[in-house]
Amino acid sequence: MTKLRLAIVGAGPAGIYAADILLKAERNFEVSIDLFDHLPAPYGLVRYGVAPDHPRIKGIVTALRGVLDSGDVRIFGNVRFGVDVTLADLKKHYNAVVFATGATQDADLNIPGMDLDGSYGAADFVSWFAGHPDVPRTWPLEAKEIAVIGNGNVALDVSRMLIKHADDLLSTEIAENVYAGLNSSPVTDVHIFGRRGPTSVKFTPLELREVGELRDVDMIVYDEDFDYSDAARDAVASNKQVFVIDKTLQQWRQRETGSASRRLHLHFFAKPIEIVDDGTGRVGAFRWERTASDGAGGVVGTGEFREIAVQAVYRAVGYFGSELPDVPFDKKRGVIPNREGQVLRRDPAAGTGGLFNQQMYGVYTTGWIKRGPVGLIGHTKSDAMETIRHLINDLGNWWLPSAPSEESIVALLDERGVQYTGIDGWHNLDQHELALGEAAGRLRVKVVPRDEMVAISRGEFASQSADR
């Protein structure tokens, strides 16, 4: 019987779902799947892209862990694609590869002042507060007044973490260095800016309600933003999600404010214009143009410009994918070009200006690096089903590896001195973090330094770090 040796690059939800769907699919061949990830621990976005006070979302780990613990999939963590293993290596050892590397960079916002000190991308801040091992251990939390640009869940996550009292995070898996940084923050006001009106936000109702439940934080909304157009009123009446969001915001309009030590402001109909220099190269203010509904679901500028003093600005306007060595990349969209998960390359005869229209046999993609950073984690399931369907049907075009044995990739990594981690290593790290949490009266304390994560995973950890 034919056997498919499949490599999946990316051990987050997209990659693990792809493995699970292939294992359960109807097929007339055996499968052997190896997951690779540049991080020592699996789960990608769930571990490093979700705020520590969102345990419900992290509950998806239970399902993902079931796939990894099934014994049908191997995982090689702390392995960098393009450095520790290359596309040529994968062709030698596998019949095909699925890239599920996600989108972890911040999308650009092309306004003056983005390069000032105190101007940050949301993705970098999320990585820091989620305990990502490859970002600095400290974050410059020095601003009293902060602007957050964006009207999606990431903007809410960033704003909530900035305004929430650090002690209210001690029941979570927050890393010690993150708690220390947030606890020293002098913040008093966070302002969220979105260019459209309240009925056009991309927040989910649950995320919005959670922000309103923060201790000692006043929710500030502005009456001028609620003079709804006919289209906005129709959206409230016809869309349940919009109805719930509007209901929440209307309730906040009725709240008494002024007693809390911190305030979270929501500004709608606000188009970003400029981050203003304070004269020393640092953020001094945020300038925006007041917009108005165009009656067709969009907005138009009114010519009215406003400015508010802030000392930091975070852009949360979306994520963007990263290019991988030897893999086609659409620099405009930030994705691997593909047709329903089948990776496409340019016609070599057309040069760099050609279209991505030739299938790159043996190479597939799924998740955000396939379609862009749209949709929630659960949406990656249908994404993976589409990709795996083509992978199965493309049997006649799979690679023909010269060294397909399961032992050969292990030998390659050992020969190159790669300190890879496996599923047993993740169990070691998981138990270590839970033990740290138990000792501190918490669920978990996340280990942050990469070398410490690897040492714990490989059973080589001798002493606890004081700087976790």
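In this predicted model, Arg160 and Glu207 form a salt bridge whose closest N and O atoms are 3.8 Å apart. Arg160 belongs to helix α7 (residues 153–163) and Glu207 to helix α9 (residues 205–212), so the pair ties together parts that are 47 residues apart in sequence. Arg160 has 2% relative accessibility and therefore counts as buried; Glu207, at 8%, also counts as buried.

| Salt bridge | N to O distance | Burial |
|---|---|---|
| Arg160–Glu207 | 3.8 Å | Arg160 buried, Glu207 buried |
| Glu173–Lys446 | 3.2 Å | Glu173 buried, Lys446 buried |

Salt bridges with shared partners join Arg47, Arg65, Asp69, Glu173, Asp430, Glu433, Arg444 and Lys446 into one network. Within the pair formed by Glu173 and Lys446, Glu173 lies in the loop between α7 and α8 (176–183) and Lys446 in the loop between α15 and α16 (450–457), so parts 273 residues apart in sequence are tied together.

The largest nonpolar core has 58 residues, of which Phe125, Val148, Leu266 and Tyr314 touch the most other members. A second, separate core comprises 42 residues, among them Ala19, Leu64, Ile75 and Leu391. Beyond its neighbours within four places in sequence, Leu266 contacts Ile192, Phe203, Leu208, Met219, Ile220, Val221, Tyr222, Asp225, Leu249 and Trp252.

Leu64, a member of the second core, is also one of the buried residues of helix α4 (residues 61–68), together with Val67 and Leu68. Viewed down the axis of α4, these buried residues fall within an arc of 100°, so they line one face of the helix. Their packing partners are α1 (13–24), β2 (30–36), α2 (45–48), β3 (73–76) and α15 (423–439).

Val83 is placed in the loop between β3 and α5 (87–93). With a relative accessibility of 53%, Val83 counts as exposed. The C-alpha atoms of Val83 and His38 are 9.9 Å apart, while the two residues are 45 residues apart in sequence.

As to confidence, the chain has a mean pLDDT of 92, and 96% of its residues reach 70 or more. Over residues 464–468, however, pLDDT stays under 50, and the model has 14 contacts beyond four places in sequence for this segment. Where pLDDT is low, predicted coordinates should not be read in detail.

Technical notes
Residues numbered from 1 in each chain as written. Predicted model: local features only at pLDDT ≥ 70, side-chain atom pairs only at ≥ 80, totals over all residues. Heavy atoms only, no water. pLDDT = per-residue confidence, 0-100. Contact = heavy atoms within 4.5 Å. Buried < 20%, exposed > 50% of the residue type's maximum accessible area, 1.4 Å probe, protein only. Helix = DSSP H or I, 4+ residues; strand = E, 2+ residues; numbered from the N terminus. Arc of directions from axis to C-beta. Core = buried A, V, L, I, M, F, W, Y, C linked by side-chain atoms within 4.5 Å. Salt bridge = Lys/Arg side-chain N within 4 Å of Asp/Glu carboxyl O.
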